[in-house]
Amino acid sequence: MLLKSKQSFKKTMKGLIKRSLRHMPRIIHKQLSKGELIDLYLKLLENLLNRDELLRVYLEEAASLMEPEERFLIPSIQLGYGKENDRFLYQQRFIDFDIKPGEKVLDIGSGGYPFPMATHLADLYEGETSHRHEPLIKDGRPLIICDICDLPFEDKEFDFIYCSHVLEHVEDPGKACEEIMRVGKRGYIETPTRMSDITLNFTKFQNHHKWHICLLENTLIFMEWRDGEQRDTGVDTLFLMMHSKYKNPFQDLVHNNRDLFANMMLWQDRFSYFVFDKKGMLIQSG
């Protein structure tokens, strides 16, 4: 597809050259260096085409100079899926929350993008924190500042508990899981996968994610990051590709395979958990 306009590109360039030569004394043209000529014709091209047309011409010309099997490296100018800072935007594609009108719903760790179906919000940090980039949203729903390991609610007070990207941070995941099950009748839990943390280079942030988590049916398996694993991989490119305004293969991979990048679990009554420390010792279960 990229090469379809190669001839039109060359035709355009020839036309520009002829036009410029008509308005430029030949003696001056001969005195210009190759670099100066290239700069001149590129300026003429920029004046002739709009931004998108110019990008397309450049990409087509780059493709003509590359081996066919390597042309996948050429970036796209097709718009991508758009920003998904609010995880509910993709969660609703995968999850049927089945929340009925009138049910009492708690979002634990509501942060800057609270769960739209929540009736109550809870968060540990009211001010700035390294655990979120956006300010805490206060939108009129009851907001309780509290610790997930010591929730100030009655047993089974809520019909549904929503807890997204919180448990990977906590010091005591066993206690947090027990508190979630104590105050809720059912709910939804989401955490990043190990693959997500590594490919997006979240391992470079010290004291950020304490655990990487596997999901097996209705069981969460917490594993403490080993010291040597929590390092900067030096590659932020995949994170930038995921959030780029332009479509790219990595964006497609994440968009079409969210379950590889996020553990998504609906639970009813109870769920199971195992917690292993960095030495491989089982320290909690339930």
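Q: Which residue in S9 is the bridge partner of Leu220?
A: Tyr273 is the bridge partner of Leu220 in S9. This is a predicted model, where local features need pLDDT of at least 70, side-chain atom pairs count only at pLDDT 80 or more, and totals for chains, interfaces and linings use all residues. Residues are numbered from 1 along each chain as its sequence is written, and side-chain values use heavy atoms, leaving out hydrogens and water.

Q: How many bridges join S7 to S9?
A: There are 5 bridges between S7 (residues 219-224) and S9 (residues 272-276), and these strands run parallel. Two strands pair if DSSP finds at least two bridges between them.

Q: What sheet do they sit in?
A: An open sheet of 4 strands, in the order S6-S7-S9-S10, with mixed pairing.

Q: Which strands stand at the edges, and why is one side left without a neighbour?
A: Strands S6 (211-216) and S10 (282-285) do. Each has a single partner strand, so one side of each has no neighbour in the sheet.

Q: Which helix lies across this sheet's strands?
A: Helix H6 (residues 173-183) lies across S6, S7, S9 and S10. H6 runs at about 165 degrees to S9. Axes are lines fitted to C-alpha atoms, for helices over the stretch in contact (heavy atoms within 4.5 Å), and angles run from 0 to 180 degrees between N-to-C directions.

Q: New topic. How many helices and strands does the protein have?
A: 10 helices and 10 strands. Both are DSSP runs numbered from the N terminus: helices are H or I with at least four residues, strands are E with at least two.

Q: How much is buried?
A: 39% of the 286 residues. Buried means under 20% relative accessible area, with a 1.4 Å probe and protein chains only.

Methods: Buried means under 20% relative accessible area, exposed over 50%, partly exposed in between (1.4 Å probe, protein chains only).
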